[in-house]
Amino acid sequence: MKSRTDEPPRFAHWLLTKLHPDDTLEEVEGDLDELYTYWSARSGKTQATLRYLLNVVSVLPPFVRKREQEHKPYSNLTTAMLRNYLKIAYRTLQKHRLYSLLNIGGLAIGMACCLLIALYILDELSYDRFNPNYSRIYRVVEKQKQADGIYDVAVTPGPLAASLKKDFPEVELTTRIGRWSGLLTHGRQAIEPDKMLIVDPSFFALFDFPLLLGDVTTAFQGPDEVIFSEGMAERFYGKDWPYKHILGQLIQLNTQQTLKLVGVARNPPSRSHIQFDVLLPFKWLEKNDEWSMKWNSNSYHTYLQLRPELTNTSAGLEPFAHKIRNSLQRYINGDKTQLMLQPLSAIYLHSKFSFETDWGKRSDIVYVRIFIAVGLIVLLIAIINFINLATARASGRAKEVGVRKTIGAQQLNLIGQFLGEALLTTGLAVGLAVFLANFLVPLFNDISGKVLQLPYHLGLFWILLVGMTGVVSLLTGLYPAFILSSFRPVTALKGIVNAGKGRSFRQILVIGQFVLSVSMGIATVVIYKQLSFVQTAKLGFDKEHLIYLRLKGDLRAKAWTFKQQVEQLPGVAKASLTTSNLVGITNSAFVEWEGQAPKDEFLMTNMNIDQDFVSTVGMKVLAGRNFSAQIPSDTSGTLGAYLINETAAKRMGWTLRTALGKRIKHWGQDGLVIGVLKDFHFRPLHVAIEPFIFRYQPSNPYFNLLVKTEPGAIGQTLSRLAAVYKKNEPVSPFSYGFVNQDLDAQYKAEQRAGRIIFYFAMLAILIACLGLFGLAAFTAEQRTKEIGVRKILGASIVSLVALLSQDFLKLVLIAILVASPIAWWCMNQWLNEFAYKVTIDWWLFALAGSLAIGIALLTVSFQSIKAALMNPVKSLRSE
Amino acid sequence: MRRTYLGEFEEVVLLMVAILDGEGYGVTVSQALEEHTGRIVTFGTVHNTLIRLEEKGFVRSELGGATAERGGRRKRLFRITALGSRALQEIQQLRQDLWQLLPPNTLQLNGI
């Protein structure tokens, strides 16, 4: 016996046994052992070990030469073979036109969906990335701790930006953005821009908003300057503004102040969360509003650009974020508010801030995720179709497999062949998908509210298409390829192919398809039910026939005479002066009340109204009385009157009765509660009703006139209103809105998502049914003889149809049972976003389920009836 | 005349197989190579060359001759075929013919 130490290194030996070709392993193993003994005798153990290692490597692949095998696998990559494969693939496609159509069509629809959704998502994810330094730009946001909880707030005090720049060397640049509104006039042109921002000069350094006209280095150094966007320049000066000398022209702001036009900026890209028509300098704000430079002016967005070394490494940012977190205490004594950094690229999709402090373009990452899921589901359903049809029809190609194997094809060759066929089908489907997507882009843009195009000019697009073709053809082809290529030639040629093979697998896949599509169906029904609920919900006031007019310029002073003139117009039922238009009211302040416990404080939303408000909007006084013009104390400056809502009464510990006559101090103004109004929704139905207080202070400014119109002839009434408006305020344009439309617009994101999911659910069901149709056709074809025999023995057509359909219906039923809890859970998650929501009733599932069954039945019965009606003579003739 | 190409190393290995006369296998061939030519080559090279020679039909092989020192594993013993010996002879013949054509003293002069 040799001792263990004489043995060659075990690892090398193990490698050899694992990797060396089997047929020469024995001799090589022996030879190397012998050589090892020879080497260690001649030059010692270490040398021997080294040489052994080297020589083992020399006989491992790829160095080693394989002995020619007795049966060398034929390479199927010869032109003759390829031509044969192509021919067979073409013939199979041709021979089974229906199946080919179902396969290619289903896949094409699925992939077209994926393409569109991918476009949508890429667009959503690319926001703000046009800024070259986007990865270093952060917005400073606040986490405010208030008595009733922690609020995320997107605004920060005016002096914060400068202080951060001074105190933190990590900060390279800062800029502030504030919001403003007003009327711009130039000569006889008067325009009220939608999006007017106040910015620091560094705005142009931080963000990539180039000036087409004007000099960035000098712009906004002075207070009385203004910059237009291209769009605004065009509105003021016409399309040929670049040829007019407009720089330096004087623009009036609110007819009182004169600003000099110092530049025209390129229109902000649509993929920017910052959108503007007009820019004003912060210097101007500082001159006109001292408060903006105080620490308690929490109204501005603060953006920081950090030094590159901070954001190059993932760990670099953390210490700075930590340092800055509690830095507000340095500037405001005892302020517990924390400062957070929000990356620029996250602002568009990840902004959820309280008190409407975040303005500009927003979307929600949740919907991006939902769309990704929806797209993949539709594609998955299409892929399952392919797999099902391919495996079901495998027996049809069993003979071909048998012949090929007999002639010498190996399983690998066959797998290659069938994968190639899948690639061919998928390739055709991708082509069709691009065509479809191209055709559907306008429709999709309409639904999604975006302006998307297929990026044919991008190399990446084509690479993605090729990648998708590869992945999808692998997914579709792999399983069928293994099934088909595993037939044993003897049985295959004898014609004994178990058609039932893989049947339960197919059934599971069909169930899976229907689980997905029925879930989407249920989701659609729930979303629509919730949307119609929020749109028809009783808000506590009558939103129909309610118009709001914005009071601008001189009208604010002349509000009462304007109101009187409006009330006399035909078609106007009632009118009321208010501060808000009843859509998403957010103006809130702390309140003190009789019997308040110490430290018990909360924010109360408020609105200044007049005596006609309650009757104009149709609110209900539950206790006490409405404001009255006849009672002087209602408008008294020392001890006025307040109306509160039920929730407010409850929050302050009163009942409807006891609330009356209680003393409240709100915004420094004392008053008595004279009435309690029934609760009404003043914010979207996402949030619960909160305490609300109405003031009646005619001397304070009103911003809106709510007009209740008579039903019908709204157009005429509007033109009359416009005429009265023009008479009183000739400068500012007449602007108005319909309260019900604006209320509906609050649910735009949900409506859009609902529409998209609706369309994709339809597609999912359609594709699943295509697959079902194919399978039904296949089963009917397989059972032709059985049906013939049954008919001869007296089976009725109805019983035959039932026989053929029930198998599939069973699957759909199971799918509904599985889908219901899944959909219920998912939709509950979605509904939790709403404080007021519909219940998910059992009938929703019944509805979606019976729809699915109905559609499936239609699909299947077409084939079943066709089979049942067939003449048995024909089906039994050939044997 | 169609002639299968025989590389230089292949030729040497083929000669070794012929010299070893039925006793040639991986170990003996590499040892003989080392001994007679001083060339140290990896075992893989010898192994591959032997396989290639067999594919070309210059040698044939059979398994046999298990010994205890190789853990009872069989050897693949190589033997030169008629084709192999003819190829060697042809090469030898060709060289000799070429030597004949060499002008006298050329090599000596160049060698200085």
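Modeller: For chain B the radius of gyration is 17 Å, whereas a compact globule of 112 residues would have one near 13 Å; the radius is taken over C-alpha atoms, and the globule rule is 2.2 Å times the number of residues to the power 0.38. The C-alpha atoms of chain B fill a box of roughly 55 × 35 × 20 Å along the principal axes. This is a predicted model, in which local features need a pLDDT of at least 70 and side-chain atom pairs count only at pLDDT 80 or more, while totals for chains, interfaces and linings use all residues. Residues are numbered from 1 along each chain as its sequence is written, and chains are lettered from A, and ligands numbered from 1, in the order in which they are written.

Chain B has 5 helices and 2 strands, where helices (H or I, at least four residues) and strands (E, at least two) are DSSP runs numbered from the N terminus. Along the sequence they follow the pattern α-α-α-β-β-α-α. An unreviewed UniProt entry annotates residues 19-90 of chain B as "domain: Transcription regulator PadR N-terminal"; such positions are given in the numbering used here, with feature names shortened, and annotations may be inferred rather than shown by experiment. That span of chain B, residues 19-90, is 51% helix and 17% strand, and its end C-alpha atoms lie 17 Å apart.

Of the 112 residues in chain B, 26% are buried, a class that requires 20 or more other C-beta atoms within 10 Å of the residue's own, with 12 or fewer counted as exposed, anything in between as partly exposed, and C-beta atoms placed from the backbone. Among the contacts in chain B with a separation of 6 or more, 46% join residues 24 or more positions apart, a contact being two residues whose C-beta atoms, placed from the backbone, lie within 7 Å.

Within chain B, confidence is highest in helix H1 (residues 8-20), at a mean of 91, and lowest in helix H5 (residues 106-111), at 60. Where pLDDT is low, the predicted coordinates should not be read in detail. For the complex, the predictor gives an ipTM of 0.86 and a pTM of 0.73.

Turning to the partner, the contact takes 20 residues from chain A and 20 residues from chain B. The side of chain A that touches chain B has 7 nonpolar, 4 polar and 9 charged residues, with Ala, Val, Leu, Ile, Met, Phe, Trp, Tyr, Cys and Pro counted as nonpolar, Asp, Glu, Lys and Arg as charged, and the others, Gly among them, as polar.

Chain A is divided into domain 1 (4-58), domain 2 (76-127 + 364-371 + 389-497), domain 3 (134-362), domain 4 (502-536 + 747-879) and domain 5 (546-745); the bounds come from an automatic or database domain assignment. In chain A, the C-alpha centres of domain 2 and domain 3 lie 50 Å apart, and their contact takes 8 residues from domain 2 and 7 residues from domain 3. On the domain 2 side of that contact, helix H4 (97-125) and helix H13 (365-392) of chain A each give two or more residues, and the residues of this side divide into 4 nonpolar, 1 polar and 3 charged.

Some backbone details of chain A also deserve a check. Most residues other than glycine have a negative phi, and most peptide bonds are trans. The bond from Pro61(A) to Pro62(A) is cis, with omega near 5 degrees, and Pro62(A) sits in the loop between helix H2 (25-58) and helix H3 (79-95) of chain A. His545(A), not a glycine, has a positive phi of about 55 degrees; this residue lies in the loop between helix H18 (503-536) and strand E15 (546-550) of chain A, and His545(A) counts as partly exposed because 17 other C-beta atoms lie within 10 Å. Leu582(A), also not a glycine, has a positive phi of about 75 degrees and is found in the loop between strand E16 (572-578) and strand E17 (588-593) of chain A; with 22 other C-beta atoms within 10 Å, Leu582(A) is buried.

Definitions and conventions. pLDDT is the predictor's confidence in each residue, from 0 to 100.
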